[in-house]
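Please read them beside the structure.

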Amino acid sequence: MNEKLYDVTALGELLIDFTENGTSSQGNPLMEANPGGAPCNVLAMLERLGKKTAFIGKVGKDMFGEQLKAAVEEVGIDTRNLIMDETVHTTLAFVHTYPDGDRDFSFYRDPGADMMLTKDDVQKDLIENSRIFHFGTLSSTHEGVREATRHAIDLAKEAGCIITFDPNLRPPLWKSLEDARKEIEYGMTKCDVLKISDNEVEFLFGTSDYDKGAALIREKYHIPLVLITMGKDGSRAYYKDLRVEAAPFLQENTIETTGAGDTFCASALNYVLEHGLENLTEDNLMELLTFANAAASLITTRKGALRVMPDRQEVLDFIASRQQ
């Protein structure tokens, strides 16, 4: 498996996140056009950790698409399967940040270029040349891109890739939440590593007892490694008969939570790349969660995510500073 060209290839949405950045002299809100989209945030952090990554997706052949392509290439992600659509514009998201750093999204995506990815656009050899294939559900909100996603998952299965999944539920993007539920369940039937948030467990199972949610997931889908992020309450890992919980690294100077889950996810995938999925110990899982929690904490102190991911030493130094 080590001879493959790419450590991780991800498929999904690449868009512009417009985030508030002060007000103009006339009192109007100023919006900053940040590169966004969970899959490339994950890949950007993996690049910072020294891994080789590639992205499969579609943006518009417009000013925002050009900006996104440049930003993704700037952080080292391979864009040979990033397609520029001549007719449909790049997807835009407007992010409203609350005082505690939490967010609300408004999407301009009816359609957006990321929805126009087709099965024929997916480069088979790229997936075959990857150790991990990663995906979410925003590439399954509409029929054509859903077919492309499922085709890519099938290719990854055939190639023996480790398959990793982060549902990344965004209710405004779904015609119905029942569709969202079905696609999350489909993803869980295919993955080897699941990164899921507390609110997604609540959405699926109607419980805030995350141990119960994890037990239901593992009983039904037999996923080797399940990671649940719980925001200010830290995170948990479920693997074989192990349940490990790691405390969060709370910050006084959190600006926004954009990219925190993606940074956590990337850190977890990096650990799997370096240690495999066989014979993980309780110490392994604690090490994985601690690093991922710390990295996610650091990103909450920065605006945006893709361009400002921390590197390994910065995360280790931060962990050490909290242990003194």
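1. Phe 94 is partly exposed at 27% relative accessibility, whereas Tyr 108 is exposed at 53%. The classes are buried for under 20% relative accessible area, exposed for over 50% and partly exposed in between, with a 1.4 Å probe and protein chains only.

2. The model is predicted: local features need pLDDT of at least 70, side-chain atom pairs count only at pLDDT 80 or more, and totals for chains, interfaces and linings use all residues. Residues are numbered from 1 along each chain as its sequence is written, and side-chain values use heavy atoms, without hydrogens and water.

3. There are seven aromatic pairs, taking rings of Phe, Tyr and Trp (its six-membered ring) with centres within 6.5 Å; planes under 30 degrees apart are stacked, over 60 edge-to-face and the rest tilted. Phe 94 and Tyr 108 form an edge-to-face pair, because their planes stand at 75 degrees, with centres 5.2 Å apart. Phe 94 lies in strand β6 (residues 92-97) and Tyr 108 in strand β7 (residues 103-108), 14 residues apart; strands are DSSP runs of E, at least two residues, and helices runs of H or I, at least four, numbered from the N terminus.

4. Phe 249 and Phe 318 are both buried. Their ring planes meet at 45 degrees, with centres 5.5 Å apart, so the pair is tilted.

5. The charged end of Arg 150 sits over the ring of Tyr 186, 3.6 Å from its centre (CZ of Arg or NZ of Lys within 6 Å of the ring centre and within 35 degrees of the ring normal).

6. In helix α9 (residues 282-299), 14 of the 18 residues are buried, so the helix is largely enclosed by the rest of the structure.
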